[in-house]
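Student: I've just opened this model and would like to talk through how it packs. Let's take it piece by piece.

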Amino acid sequence: MAQETTVPKLNFEYWLDKAIEWGQATTLESQKDVCLHLPQLQEFLHQLYETIKHLGPTVAIQQFPLIGQLLGRLCWNPFVIGYDESQKTLMWCLCCLFSSEPQNAVELKANSWIRSLLCHLLSSSKWESNEAETSTFISALGYTSADYYCHLVKNMVVSLVTELRENQFNGLNVQESISASRVNAISIFCVPLITLPDLTPLLETLLLYHGGSSKEILSSEFLEAVNEAFLKKKITLPESAVFSLWLRHLPSLEKATLHLLDQLFSIQLNLLEEVARVIKDSLLPQAASHPAIFRIVNEIFKNALMETDGTSEVITIIQVFTQLFLQAYQDENKQHKFPLRVYFPCHHQPLVRSLVRRPFELPSTYWSQHVKHISDMLKAIAEDTNDSSLTDLFEIWFLVACFGEWLDIAAEQLLKAAVEPDAVLWLLAFYYCPKNENQQRTQTMVEAQAVYNHLMMLFSCTDLSLKDLEAAVHRVMGIEHCCNQRLTTHLLTSFLLFSPGGHKIAQECIYHITEITDTSKEVYNLLIRTAYRFNDSGEENQRTVKLMNELLQKLTLKV
């Protein structure tokens with residue numbers, strides 16, 4: 001039964017019809033059609049091999065009576081055997097049909113036919129020995145194989161690159177310009193060869209080529225194939241070519257962003273340095289210096305955040321991405337730099353400018369003042385925003401979340417510095433509870449104020465025990481609302497990290513809280529963010545860094 005249900009999924013008849021239609025791909029239209037179908041054909045051949053490899057020749061032919069006709073036609077199509085692993089898969093399929101102990105004249109003849117096809121495929125693996133077949137490919141591009149016999153691909157690439165670049169410079173000369181259809185055809189014929197290292201200059205030139213047309217002249221299959229190869233690290237491209245790819249093909253940018261998120265979700269976020277390296281290697285923060293790319297990536301991050309119910313891992317990823325984007329933005333040549341309002345067009349610009357300031361750009365003595373300034377502006381905007389407009393509230397909250405460094409500093413300054421607690425507590429309460437529906441944010445403020453007052457009475461104590469913190473711990477465990485619990489946990493964790501007596505009981509206290517409440521990930525992500533911020537700090541913070549590393553090791557098993 002399993003074998004019978006496999007046959008329709010393979011769509012065997014479809015590919016046989018295609019093989020007959022293509023022949024040996026001698027016309028321009030058939031060559032284009034082959035190139036457009038090569039990835040799907042390779043997947044089909046792989047599925048076919050997986051289906052027949054355990055059947056034996058006799059059963060395989062009974063299951064697929066026309067398999068010989070299909071494989072035979074594909075083996076003589078130069079575009080098919082030149083694409084990625086298709087040639088190898090065809091050889092595997094043929095080997096499955098070979099009878100090790102032929103019983104009759106039919107099986108002997110089949111073996112002889114298979115041997116001839118295998119010899120043909122093996123001889124086709126070298127460009128030099130396959131002039132007749134490769135000349136079809138070259139002539140389709142307007143060249144003859146005789147011109148480039150010794151170094152066929154390299155010379156073809158150099159020639160096409162020169163032609164495209166000259167056309168770019170002489171774009172106004174109608175007689176000399178390349179037609180959009182020719183550029184499109186070149187991009188299609190590149191699809192089977194994209195992973196060839198010698199083709200990289202042509203890929204780069206095509207991606208940077210715009211011509212005079214307002215419509216996209218490169219084929220979408222080409223753009224998708226280049227993006228796929230880049231994401232899988234099968235090819236290396238200059239940053240300018242990658243940025244141009246994402247600007248001209250939105251699906252590729254979306255796929256690159258989702259690929260990055262998948263990568264980050266699959267690794268243990270125990271070092272933000274590693275997270276930052278993966279994000280930076282993706283080239284997305286650098287590409288985001290272009291406002292169109294930044295806004296699209298930001299939208300994808302928003303959707304990811306909503307789909308995961310605001311999980312702390314996604315927020316941490318967004319914050320690291322934003323920091324790397326700002327770094328790339330500040331490194332941009334001033335002549336080519338876009339103003340910040342282009343990236344955040346719908347937001348209060350003074351608030352944006354304050355959030356964009358990195359903590360290391362200000363003396364630490366000014367941090368509490370800066371946090372209060374952010375809180376005052378945010379409060380005025382939030383209170384002016386109708387609570388019924390959830391979209392507007394979410395946009396304001398998301399802006400603050402992107403620059404979450406200041407939120408962690410706010411909790412730290414609340415405990416360490418002479419700062420107006422009401423303003424800072426309001427900022428934290430807004431972050432953890434942006435909606436004030438049924439006075440929920442107001443209630444969060446009351447809870448946070450009570451915890452803060454209790455912690456401040458203990459802040460100067462050098463000899464603390466878990467019993468001293470029982471009131472605060474009980475508040476965390478007794479709070480029903482998730483946002484209140486997360487804020488209280490944030491304050492308590494900051495207290496343990498920065499108070500003179502907190503280090504001694506930090507492990508016991510945090511283990512106690514995370515054992516009973518669902519805040520392990522919150523604490524974990526707060527610790528890795530703080531450790532990342534303190535990474536290059538002076539000797540005075542090394543003791544705190546050591547404690548955070550110890551706590552992270554303990555919590556790794558829980559998250």
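**Packing, helices and rings**

Student: Which residues does Phe222 touch, not counting those up to four places away in sequence?
Tutor: Contact here means heavy atoms within 4.5 Å. Leaving out residues up to four places away in sequence, Phe222 touches Ser187, Cys190, Val191, Ile194, Leu203, Leu206 and Leu207.

Student: Before we go on, what pLDDT do side-chain atom pairs need to count?
Tutor: Residues are numbered from 1 along each chain as its sequence is written, and side-chain values use heavy atoms, with hydrogens and water left out. This is a predicted model, where totals for chains, interfaces and linings use all residues, local features need pLDDT of at least 70, and side-chain atom pairs count only at pLDDT 80 or more.

Student: How many helices and strands does the chain have?
Tutor: Helices (H or I, at least four residues) and strands (E, at least two) are DSSP runs, numbered from the N terminus. By that count, the chain comes to 31 helices and zero strands.

Student: What share of the chain's residues is buried?
Tutor: Buried means under 20% relative accessible area, exposed over 50%, and partly exposed in between (1.4 Å probe, protein chains only). The chain has 559 residues, and the buried share of them is 52%.

Student: Which residues of helix 13 are buried?
Tutor: Helix 13 covers residues 220-231 and reaches 16 Å from its first C-alpha to its last, close to the 16 Å expected at 1.5 Å a residue. That expectation is 1.5 Å times one less than the number of residues. The cover over its buried residues includes helix 11 (180-190), helix 12 (200-208), helix 14 (239-248) and helix 15 (250-265). The buried ones are Phe222, Leu223, Val226, Asn227, Ala229, Phe230 and Leu231.

Student: Is Lys233 buried or exposed?
Tutor: Lys233 sits in the loop between helix 13 and helix 14. Its phi is near 60°, a positive value in a residue other than glycine. With 64% relative accessibility, Lys233 counts as exposed.

Student: And is Leu283 buried or exposed?
Tutor: Leu283 has a positive phi of about 70° although it is not a glycine. You'll find Leu283 in the loop between helix 16 (272-281) and helix 17 (284-287). Its relative accessible area is 11%, so Leu283 is buried.

Student: Which residues have the most contacts inside the largest nonpolar core?
Tutor: A nonpolar core is a set of buried Ala, Val, Leu, Ile, Met, Phe, Trp, Tyr and Cys residues joined through side-chain atoms within 4.5 Å. The largest one has 138 residues, and those with the most contacts inside it are Leu202, Phe222 and Trp246.

Student: Which helix gives the most to this core, and between which domains does the core lie?
Tutor: Helix 19 gives the most, with ten residues. Domain bounds come from an automatic or database domain assignment. Two domains give residues to this core, so it lies between domain 2 (155-166 + 178-248) and domain 3 (344-557).

Student: How many residues of helix 19 are buried?
Tutor: Helix 19 reaches 29 Å from its first C-alpha to its last, close to the 28 Å expected at 1.5 Å a residue. Helix 19 is mostly covered, and its buried residues number 17 of 20.

Student: How many aromatic pairs does the structure hold?
Tutor: Rings of Phe, Tyr and Trp (its six-membered ring) pair if their centres lie within 6.5 Å; planes under 30 degrees apart count as stacked, over 60 as edge-to-face and the rest as tilted. With that rule, the number of aromatic pairs is 21.

Student: Why is the pair of Phe301 and Phe321 called edge-to-face, and how far apart in sequence are the parts it ties together?
Tutor: The ring centres of Phe301 and Phe321 are 5.1 Å apart and the planes stand at 75°, so this pair is edge-to-face. Phe301 lies in helix 18 (residues 291-307) and Phe321 in helix 19 (residues 312-331), so the parts tied together are apart in sequence by 20 residues.

Student: What about Phe344 and Phe403: how far apart in sequence are the parts that pair ties together?
Tutor: The centres of the Phe344 and Phe403 rings are 6.1 Å apart and their planes at 55°, so the pair is tilted. Phe344 is in the loop between helix 20 (340-343) and helix 21 (349-356), and Phe403 in the loop between helix 23 (390-402) and helix 24 (405-416), so the parts are apart in sequence by 59 residues.
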